Amino acid sequence: MANLAPRPDRAYHQDYICRIRYENSLPPPPGSVKLLDIPIDGLDYYASPGFASRLHRSQPINIEANAELGMPIDLVGMPGVFDGDESSIQAPLLPPPVHPRDKTLLRPLSELGKPKYQPGGISFLRRTEYISSDAARARSEAAPKTTPKAAATKVRKPVDTSKDDPIHVLRAVVKGFDIAHPEDAYDGPDTHDSIRGLEPTPAEIEAWNNPKHPTKSTLKAIDFYPVLPDLEAGTDTGSYMVAKFTANPTQIINKHDPRMDVGLLRPIELDDAAVADYSARVAAHTADPVHNLHPGGPPFNYHFFLPADAQSAINLKRKLDVDDLDRDDPDLYTTKNKDGKSIFRLSQQRVYETGRSTAPDADNAYNEIALALHDPDVGEPVDGGVSNRLEKAAYYYPVMQKVQLKPHRSKTLTQLGVAPRADDQGVDVIDVLDVVVENLDAVESAKRQKHRAELLGESVEEDGAEDGDA
């Protein structure tokens, strides 16, 4: 075994760096410190777990747990809360804007806590600071000197204001149609009825011929649908209303109830007090929209009706389907009334009230639309065959208003036997509704023809009418 020779003692000089965070600036005491020996044996008794346990058993907690758990909720003074109107204790549909001083309190959790940066100067990293500063100084000295004149000045690209011109915007819209249907592209001079579109670029033509998903390049388009309006599916207002129930309106919970496809909501006329209150809230919003939110649509109550069984619902859907060639078959009706007339009988389920709703806006009905894909060559035809009324397209239907429906409070009290069987407005509850599908009258046809002409850009007489199906 080799003997390790003793190494000569060699001293290494190393600086000790200590960072002082708290400094005592008081002078030392004038005299010597005198320490007194004070017995503290009694503290062991009070610091033992047994003392805390005995104290807990000997001193009961003086808390009276009442039914409200110390937080009384007084509903007296809430307008309409005992009449079934719970809007005063619910959150508003549109929350008020946040005050600028309160925005700091709404910061997400990721922005709270200590900042995620390190200060530039740290006292105990002296060697690292020297190395980094020396390296930075060396690079700056080695870099060639540049004069301010040699530095490239950034020139802001001028904004083409001509692109905001209405004629330019219209040409850009027409260009999209020209790319989709080059055979119908107009290349003549601009007139009152026709305008030339912008010249499409090769990249735009290639994007139309071979479309790609903007974020998922692996997806491939398998079919195309032109977006068209369904001119024959118009309503009196030219748009539709979307109603959403807060709870399941039927007893079927594990699958779709086919009766819901032909459910019927019959609005109850508002009384004078409700109309006056709604008008006052709309007027307040019009006068000061910042501090008074729009109340939404009128607070109607609705009777909700459904057929008795699924077969009645299927027959009613066939009767309403204008594409069903056998929709005029009288055998589709499921029952007869006391006069012997064939009808569909719908039974009332319950009364619903408006929980939340958006303001009906007929001028901006196309801000939200419902889209339905239709392909005559896909799917099985219904009984009796299907007419070729619609071509292959994605048909859109404007949505003018959205309403949230919740069970009416007085209806719940009626089922418990507390309230009489009548709604709040003194109208007797309708138990059944007899439905007959008939052709449109002259007034209904004129309203639909007016909205159809607006979509087609045509003019129509106010008293014009045409025949159609409901």
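Arg452 and Glu232 form a salt bridge, with their closest N and O atoms 3.9 Å apart; the term means a side-chain nitrogen of Lys or Arg within 4 Å of a carboxyl oxygen of Asp or Glu. Arg452 sits in helix α9 (residues 442–456) and Glu232 in the loop between β1 (227–229) and β2 (240–245), so this pair ties together parts that are 220 residues apart in sequence. Helices (H or I, at least four residues) and strands (E, at least two) are DSSP runs, numbered from the N terminus.

A word on the basis: this is a predicted model, in which local features need pLDDT of at least 70 and side-chain atom pairs count only at pLDDT 80 or more, while totals for chains, interfaces and linings use all residues. Residues are numbered from 1 along each chain as its sequence is written, and side-chain values use heavy atoms, leaving out hydrogens and water.

Helix α9 also holds Arg448, whose partner Asp236 lies in the loop between β1 and β2, 212 residues away. Another pair joins Lys402 in strand β8 (residues 393–407) to Glu368 in the loop between β6 (342–357) and β7 (369–374), 34 residues apart.

| Salt bridge | Closest N to O |
|---|---|
| Lys402 – Glu368 | 3.3 Å |

Now for accessibility, where buried means under 20% relative accessible area, exposed over 50% and partly exposed in between (1.4 Å probe, protein chains only). Arg452 is buried at 12%, whereas Glu232 is exposed at 55%. Lys402 is partly exposed at 35%, as is Glu368 at 40%.

Elsewhere, a network of salt bridges links Arg171, Asp190 and Arg196. The count comes to 14 salt bridges.
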